[in-house]
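Please look at the model before reading on.

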Amino acid sequence: MYWLAGGFLFRRVISPFHRLDPRIKLIVAAEFFALSLAASSIIAISTVLVSILAIAVLARSLRRIGRTMALSLLFAGLIFGLNLVFGLGLLKSLTYALRFLAIISSTSLFFVTTSPDELEQIMKWIRIPRDIVFAFVTAVRFIPVVMLDTFQIMDAQKSRGLELERGNLITRVRNMVPILIPLVVNSVVRSGELAEAMESRGYGSTPHPSSLYRMKLKWYDWTVFFASLLLFAGALYIYHFFHFPF
Amino acid sequence: MSLIEFRGVTFVHQNGVTALSDITTSFDKGERVGIVGENGAGKTTLVKHINGLLKPTSGTVTVNGTNTRDVSTAHLARSVGIAFQNPDHQLFSDSVENEITFALRNFGFEESVIKKRLDWALGFFGLEEYRKSSPLVLSGGEKKRLTLASILAWDPEVVVLDEPTVGQDAIQKEKLAEIVRMLHSAGKTIIIVSHDVEFLWTLQPRLVVMKQGRIVGDGPCAKIMHDWPLMESARVTQPQLVQLYDELQRRPEGPFLDVSAARSWIGRRSE
């Protein structure tokens, strides 16, 4: 489970893509997202998917994004199967399944390469209220902690004879109760403690506190920004005016 | 043959960090063992191998002659009970009695046996008055006792206590030491992972010292605790009594012959 969740968790890596300003990373991810939605042929959507994976290689995060794709393959298969059953045809069904993979991969690319601090900067930059930014970023930061809690709880319950991998679907769901209750209780307790600790350190005493980090676009950010815009516009042009055989 | 045997056990986490390196040791039936070492030394990782929560990357762990790779954790848990450090990681039932009987039901005990074991555990750990209460409203010390009760209720052959004294006051620590002595006299194998050297000193177990995933010291508590270079390298403090003894050894009248001589000397002085 942790292996799969790693597909959406930031990991500090030295790579050209990680060095980019988070706003540029967001724009690149959004462009891929939009291209995935706009693509209506297998060739087009495959090109988008391959481009995302090429950037993942550049960002030294292919393995992590591969984890996301491993989980997404199940859903992609479901999308493919359902569309096929309801008579959409092989090529169309495959296009929809690949589109789903491309959308998930573009989102994963952004989250894997953008730290919670950078997320916070972006959200502040687009003028989202501070309390919402704080709540969101804290939730993201706590994902690894909650995952760790989950494993410790699973260990504790397995040590008392709980078998999570046995039984039918209903039994397995029921067996999750001893995991979920301590997890939820711990999370609620932790959030209360965090709120108290934040207030004890003056959270909310000033509406616009200063920040240690400042986002500043450098020459390579501008280069990537304009290059990506150009490619995005070019891709849309091709989508519109070029007829793909399939 | 020992009850628990580690042979050349190495464990590497998914992230590539080596938590245990070539561990070879054994724990006999009825033995009382303390495991000490700095944070991240591999103490908890080591004990998680005993009930199969973790399987070695290389090497073998056997419990009662059974390779832990060949059976499920649920199977091993019947004979190995682990009480984890944080009670909040296991308490989930709507009442204390359901919490205690959770494992008994998982192991398929008969209802009459469950009732007997429940009554014994509630009485032994002083939790009778909370029988119908939610475990979540208990104090820290009571929660800790409840986790122990929920482990000992099924009478495992091996009892592993991970940091049992964390958050416990002096009285609770004494009670805990008493429980450990009682379990020992009942022939249980007890393994205690702890940073609390004072607590371990009162129990005088065989002491295993870990550092960076390796066992760097193993022997009687009194001998190991006196080995200052070893303790210092493993970042474990010596018990105050041992520190005092070592100080007194340097007194002009000459060293004491052993700890008991020092203890009686201190007793005479305090009178």
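In which sense do β3(B) and strand β9 (residues 206–211) of chain B pair, and over how many bridges? β3(B) and β9(B) pair in the parallel sense, over 5 bridges. Strands pair if DSSP finds at least two bridges between them. Helices (H or I, at least four residues) and strands (E, at least two) are DSSP runs, numbered from the N terminus.

The model is a predicted one: local features need pLDDT of at least 70, side-chain atom pairs count only at pLDDT 80 or more, and totals for chains, interfaces and linings use all residues. Residues are numbered from 1 along each chain as its sequence is written, and chains are lettered from A and ligands numbered from 1 in the order in which they are written.

**The sheets of chain B**

An open sheet in chain B has 6 strands in the order β6-β7-β8-β3-β9-β10, and its pairing is mixed. Its edge strands, each pairing on one side only, are β6 and β10 (214–220) of chain B. From one strand to the next, the twist averages 15°.

| Strand pair | Sense and bridges | 
|---|---|
| β3(B) and β8(B) (residues 189–193) | parallel, 4 bridges |
| β3(B) and β9(B) (residues 206–211) | parallel, 5 bridges |
| β6(B) and β7(B) (residues 158–162) | parallel, 4 bridges |

Individual bridge partners can be named for these pairs. Arg32(B) has Ile190(B) as its bridge partner in β8(B), and Gly34(B) has Ile192(B) in β8(B). In β9(B), Val208(B) is the bridge partner of Ile35(B). In β7(B), Val158(B) is the bridge partner of Val80(B).

Strand β3 (residues 32–37) of chain B is largely enclosed by the rest of the structure, because 6 of its 6 residues are buried. A residue is buried if 20 or more other C-beta atoms lie within 10 Å of its own, exposed if 12 or fewer, and partly exposed in between, with C-beta atoms placed from the backbone. In a regular strand the side chains alternate between the two faces of the sheet. Both faces of β3(B) are covered, with Arg32(B), Gly34(B) and Val36(B) buried on one side and Val33(B), Ile35(B) and Gly37(B) buried on the other. Strand β6 (residues 80–83) of chain B is likewise covered on both faces: Val80(B) and Ile82(B) are buried on one side, Gly81(B) and Ala83(B) on the other.

Helix α5 (residues 140–152) of chain B lies across β6 and β7 of chain B and runs at about 175° to β6(B). Axes are lines fitted to C-alpha atoms, for helices over the stretch in contact, and angles run from 0 to 180 degrees between N-to-C directions.

Another open sheet in chain B has 4 strands in the order β2-β1-β4-β5, with antiparallel pairing. Its edge strands are β2 (18–27) and β5 (66–67) of chain B, each pairing on one side only. Strand β4 (residues 58–63) of chain B pairs with β5(B) in the antiparallel sense over 2 bridges, and Thr62(B) stands opposite Asn67(B) in β5(B).

**A loop residue of chain B**

Ala234(B) sits in the loop between α9 (228–233) and α10 (240–249) of chain B. Is Ala234(B) buried or partly exposed? Ala234(B) counts as partly exposed because it has 19 C-beta neighbours inside 10 Å. Apart from neighbours within four places in sequence, the contacts of Ala234(B) include Val36(B), Gly37(B) and Val209(B). Two residues are in contact if their C-beta atoms, placed from the backbone, lie within 7 Å.

Chain A has 12 helices and 0 strands. Of the 246 residues in chain A, buried residues make up 30%. The C-alpha atoms of chain A fill a box of roughly 60 × 55 × 30 Å along the principal axes.

In chain A, the axes of helix α3 (residues 22–38) and helix α7 (residues 116–125) come within 9 Å and cross at roughly 85°. That makes α3(A) roughly perpendicular to α7(A), a term for angles of 65 to 115 degrees; those under 35 count as roughly parallel, over 145 as roughly antiparallel, and the rest as oblique. Pro22(A), Arg23(A) and Leu26(A) in α3(A) meet residues of α7(A), including Ile122(A) and Trp125(A).

The contact between the chains takes 21 residues from chain B and 17 residues from chain A. On the side of chain B, α2 (73–77) and α3 (96–106) are the elements that give two or more residues.
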